Amino acid sequence: ITVRDISSLNIRIAKEIKGCANDIYNILTERSFKSAIIAGPPSSGKTTDLRDLIRMLSDSGETVSVIDERQEITAINKGKCYCDVGLNTDIYYGYPKETAINMAVRTMSPDIIAVDEVCDENEVMAIVHAANCGIRLLATMHADGISDIAAKRQSLLLLRTGVFDAVIILERKDNTYLKTVYDIEEINDEIYRCRACMDKLSAAGYEDFRTV
């Protein structure tokens, strides 16, 4: 009824790789980080790492509410989940993220809420509300390195909420993606240096480097 004259299809298949987030899990637990962002460019493995992190946290006894608006984290279909996201996980799918986050806060009392690809201010505000209720957050966002985070309003809003105390940056090197874990002070220092560089370039007439 709503889609017609289709010329091609792009079929996305959720790729589950158990153990791929072991390094992230170990660092987060060893350094007692509560809430974290996984940031990287498209196809860098953000959702795959998030899925595996959810599984390990859930199986360790944490209760996790997964906000899976487009069924990309869990590959859920007609109530059946086709990816392993742990024993203590509840899934909200098909809802707008901000609606699902608020529902999870009101009805499920989770230890952790996990959400993929935060991209607008309503979602950011829902995350702040959840954190104010004592819930920890895991989130992903599109960002091609620290310079991209520094140049995007939504990324800066998410970091400046005060909710997150760790940021994992996925950066491509050769044929793989390296994972660098920053605490919030470290990432803020890196962003400050990057934005200072952007300001200098902008003042010199390089319009592509205008700050937000």
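Is Ser43 buried or exposed? At 74% relative accessibility, Ser43 counts as exposed, a class that requires over 50% relative accessible area, whereas buried means under 20% and partly exposed lies in between (1.4 Å probe, protein chains only). The model is predicted, so that local features need pLDDT of at least 70 and side-chain atom pairs count only at pLDDT 80 or more, while totals for chains, interfaces and linings use all residues. Residues are numbered from 1 along each chain as its sequence is written, and side-chain values use heavy atoms, with hydrogens and water left out.

Ser43 is placed in the loop between strand S1 (36-40) and H2; helices (H or I, at least four residues) and strands (E, at least two) are DSSP runs, numbered from the N terminus. Although Ser43 is not a glycine, its phi is positive, at about 65°. A positive phi, near 55°, is also found for Ala75, again a residue other than glycine. Ala75 belongs to the loop between strand S2 (64-68) and strand S3 (89-93).

Ser43 is also among the residues of the largest pocket that are closest to its centre, together with Arg12, Ile13, Thr47 and Thr48. A pocket is an open set of points on a 1 Å grid over the protein atoms alone, with protein on both sides within 12 Å along at least five of seven lines; a cavity is a set where a 1.4 Å probe fits but cannot get out, and lining residues have an atom within 4 Å of a point. The volume of the largest pocket is about 610 Å³, a volume being the space filled by probe spheres set on the points, which are joined across faces, edges and corners. Helix H2 (residues 46-59) supplies the largest share of the lining, five residues. The lining comprises seven nonpolar, seven polar and seven charged residues.

Two cavities of 30 Å³ or more are present. Among the residues that line the largest cavity are Ile67, Asp68, Arg70 and Lys97. The second largest cavity holds about 40 Å³ and is lined by residues including Glu16, Thr48, Arg51 and Asp84. By class, one nonpolar, one polar and six charged residues line the second largest cavity.

Ile11 lies in the segment before helix H1 (22-30) and is exposed, with a relative accessible area of 68%.

How values were computed:
Nonpolar A, V, L, I, M, F, W, Y, C, P; charged D, E, K, R; others polar.
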